[in-house]
Amino acid sequence: MARQAGSAGEKTAAAIREQSLRLFAQHGYDAVSMRMIAHAVGVQPGALYQYFPTKQQILMTLMREHMEELLASFKAQGIESEPPAAALEHFARFHIRYHLTRADEVFISYMELRALEPAGFQEVESLRKTYETELKAILVRGSEQGIFRIEDSHVSAMAIIAMLTGVNTWYRSGGRLSEKKIEEIYAEMVLRSVGCVD
């Protein structure tokens, strides 16, 4: 991305990312033009190219930042030294909390992955695999210690992540269940899925 000096440039770049995220989530990447993004930001279309030469670069930036922030936030939890069952519950609760507040980012991260060009796809996929590896490490530890009953750590990790991320397809704020209750329900389902029950 072409860097713009000063706070005004930084604010404009942030506005481009914010409005692009909203438009991509609402209309789909293919249906959104640079002109639409410029109009939403309140700048001339030509001004966008000072920050992002292509729409593809905007999408790539959004996806990369989402995964980098997810990984950094997870690392900050510091669950590496926790016993496997506690670590797995912590992972599930973290994943639910993090994703419930980022519906647009999650939607784009999954639904528009196919829109990335090969180099961008590989970079984002590498970040995704890093996150998946964190979960697999927990599952392997639990399995080796006889705490979890799983057939394959990779399959189990993919199934758990799919189940947890799926909350964004149906959850709506202000519904019957609070976010805290949903977090508790999903954490228990994850533990039960690996045979770890009270």
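Which helix holds tyrosine 110? I looked it up: tyrosine 110 sits in helix α6, residues 103-111. Helices here are DSSP runs (H or I, at least four residues), numbered from the N terminus.

I noted the ground rules next. This is a predicted model, where local features need pLDDT of at least 70, side-chain atom pairs count only at pLDDT 80 or more, and totals for chains, interfaces and linings use all residues. Residues are numbered from 1 along each chain as its sequence is written, and side-chain values use heavy atoms, without hydrogens and water.

**Tyrosine 110.** I checked its cover. Tyrosine 110 has a relative accessible area of 36%, so it is partly exposed (buried is under 20%, exposed over 50%, partly exposed in between; 1.4 Å probe, protein chains only).

**Domains.** I found domain 1 at 7-52 and domain 2 at 59-193; the bounds come from an automatic or database domain assignment. Their centres, taken over C-alpha atoms, are 28 Å apart. I then looked at the contacts (heavy atoms within 4.5 Å). Nine residues of domain 1 touch 10 residues of domain 2.

I also looked for salt bridges (a side-chain nitrogen of Lys or Arg within 4 Å of a carboxyl oxygen of Asp or Glu). Between domain 1 and domain 2 I count one. Glutamate 65 and arginine 17 pair their side chains in a salt bridge, at 3.5 Å from N to O.

**Glutamate 184.** I placed glutamate 184 in helix α9, residues 179-193. Its relative accessible area is 32%, so glutamate 184 is partly exposed. Arginine 93 is 91 residues away along the chain, yet the C-alpha atoms of glutamate 184 and arginine 93 are 7.3 Å apart.

Definitions and conventions: Helices (H or I, at least four residues) and strands (E, at least two) are DSSP runs, numbered from the N terminus.
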